[in-house]
Amino acid sequence: MKKFFLFISVIFSLSASAQVSGVSLTASGLTCSMCSNSINKALKTLPFIDKVEADIKNSSFEISFKHDNPVDFDKMKMKVEKAGFSVYEFVAIIQFNNVPVKRGQPVRIGDKVFLFKNITDPVLNGEKRIKVLNRGFVSPKEYKSNALVQTSAGIYHVSI
């Protein structure tokens, strides 16, 4: 029980200033413009999404968000799955403001907790593209190749 409280206190002590400005999402299983349209419509039903731009040729979607609305990665993934497809790649575009990071140490950014797999800078500044490596956010092959250790729900394993 002490370890659990220590883990939670570490997460909250590492709360940092950053904002998710967009997501680049690639879906698998798309074969036509109707497939792309079904994902597009499903994503637009989420209240925090401002705009979705589909690239049918690459099966990708560029998503921007409404200001001052919490962004829910899991809900976006679920919408894609409910439309009958799966997420092949999920890259969040995040604006960082002096966020200290260490490999293997969770960092709270807004309402999310990130665990960086590869990190080169001890402090993140500016816009960064953060790839989510959790199951369901990458292809099964990539998930397996990353050999991620399962952690508590709500922690996103990411790479820059």
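Predicted model: local features only at pLDDT ≥ 70, side-chain atom pairs only at ≥ 80, totals over all residues.

Residues are numbered from 1 along each chain as its sequence is written, and side-chain values use heavy atoms, with hydrogens and water left out.

Of the 160 residues, 41% are buried, where buried means under 20% relative accessible area, exposed over 50%, and partly exposed in between (1.4 Å probe, protein chains only). Four helices and eight strands make up the secondary structure, these being DSSP runs numbered from the N terminus (helices H or I, at least four residues; strands E, at least two).

Within strand β1 (residues 18-28) lies S24, which is buried at 9% relative accessible area, and whose side chain makes a polar contact of 2.9 Å with the side chain of E62 (N or O atoms within 3.5 Å, one able to donate a hydrogen and the other to accept it; residues adjacent in sequence count only if both atoms are side-chain atoms).

The whole structure holds five salt bridges, each a side-chain nitrogen of Lys or Arg within 4 Å of a carboxyl oxygen of Asp or Glu. One of them joins E89 and K131, with the closest N and O atoms 3.2 Å apart; because E89 lies in strand β4 (residues 86-100) and K131 in strand β7 (residues 123-132), the pair ties together parts 42 residues apart in sequence. E89 and K131 are also linked with E142 in a network of salt bridges.
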